[in-house]
Amino acid sequence: MKTILNIIWLVFSGFWLFLGYMFAGLLLCITVIGIPFGFAAFRIAVYALWPFGYTTVERRDAGSPSFVANVLWLVLAGWWLALGHIFTGIALCVTIIGIPLGFANFKLIPVSLLPFGREIVRTDQAFAGW
């Protein structure tokens with residue numbers, strides 16, 4: 001089922017989100033200071049390409065640099081991205097076929113809001129290390 005949902009997602013939403021996050025990542029990697037933010041955008045891009053069957057978990061070893069990076073990300077880009085995913089998710093939930101796609105957009109909100117200190121893992125591995 002997740003393969004079918006990923007294909008539908010790819011056609012209607014995922015490819016464009018992937019391109020947007022990749023473009024943002026390339027722009028962020030122009031400066032040395034922006035490289036960690038660019039890598040975060042690349043991780044989100046891959047997650048946005050295939051969201052079904054994957055989830056995010058918090059990393060226990062993330063420290064104060066992740067906190068500082070999350071604050072910068074939140075102020076500069078995170079809340080815009082989260083709002084975009086909220087409005088797109090609501091719009092997709094208007095139709096019955098779009099409901100799973102809307103939920104996938106809602107699933108992207110935490111990682112687009114605060115990407116540092118999170119890891120993208122397969123759904124069946126999410127709680128394996130606990």
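This report describes the fold, surface, aromatic pairs and selected residues of a predicted protein model.

## Overall fold

The protein chain contains five helices and two strands.

Along the principal axes, the C-alpha atoms of the protein chain occupy a box of roughly 40 × 35 × 20 Å. Where contacts join residues at least 6 apart in sequence, 74% of them link residues at least 24 apart.

## Surface and charge

Of the 130 residues in the protein chain, 36% count as buried. The accessible surface of the chain comes to about 8000 Å², and 77% of this area belongs to carbon and sulfur atoms.

The protein chain carries 7 positive and 4 negative side chains. The centres of these two sets lie 5 Å apart.

## Aromatic pairs

The model has eight aromatic pairs. One of them is formed by Trp9 and Phe52, whose ring centres are 6.4 Å apart. The planes of these two rings stand at 85°, and an angle over 60 degrees counts as edge-to-face, so the pair of Trp9 and Phe52 is edge-to-face. This pair links distant parts of the chain: Trp9 belongs to helix H1 (residues 2-28), whereas Phe52 is in the loop between helix H2 (35-49) and strand E1 (54-58). The two residues are 43 residues apart, and both are buried.

A second example is the pair of Phe39 and Phe42, which is tilted, with 6.3 Å from centre to centre and 50° between the planes. Phe39 and Phe42 both lie in helix H2, where they are three residues apart, or about one turn of the helix.

Asn105 is located in helix H4 (residues 99-107). Its relative accessibility is 1%, so Asn105 counts as buried. When residues up to four places away in sequence are not counted, Asn105 touches Trp9, Leu17, His85, Thr88, Gly89 and Leu92. Trp9, one of these contacts, is also a member of the edge-to-face pair described above.

Ser66 is found in helix H3 (residues 64-92). The relative accessibility of Ser66 is 18%; buried means under 20%, so Ser66 also counts as buried. Leaving aside neighbours within four places in sequence, Ser66 is in contact with Phe116 and Gly117.

## The segment after strand E2

Which residue represents the segment after strand E2 (118-122) here? Gln125 lies in this segment. With a relative accessible area of 46%, Gln125 is partly exposed.

How far apart in sequence and in space are Gln125 and Val57? They are separated by 68 residues in sequence, while their C-alpha atoms are 9.9 Å apart.

Technical notes: Residues are numbered from 1 along each chain as its sequence is written. This is a predicted model: local features need pLDDT of at least 70, side-chain atom pairs count only at pLDDT 80 or more; totals for chains, interfaces and linings use all residues. Side-chain values use heavy atoms; hydrogens and water are left out. Helices (H or I, at least four residues) and strands (E, at least two) are DSSP runs, numbered from the N terminus. Buried means under 20% relative accessible area, exposed over 50%, partly exposed in between (1.4 Å probe, protein chains only). Contact means heavy atoms within 4.5 Å. Accessible areas come from the Shrake-Rupley method with a 1.4 Å probe; for residues, only the protein chains shown count as cover. Lys and Arg count as positive and Asp and Glu as negative; His and the chain ends are not counted. The place of a charge is taken as NZ of Lys, CZ of Arg, CG of Asp or CD of Glu. Rings of Phe, Tyr and Trp (its six-membered ring) pair if their centres lie within 6.5 Å; planes under 30 degrees apart count as stacked, over 60 as edge-to-face and the rest as tilted.
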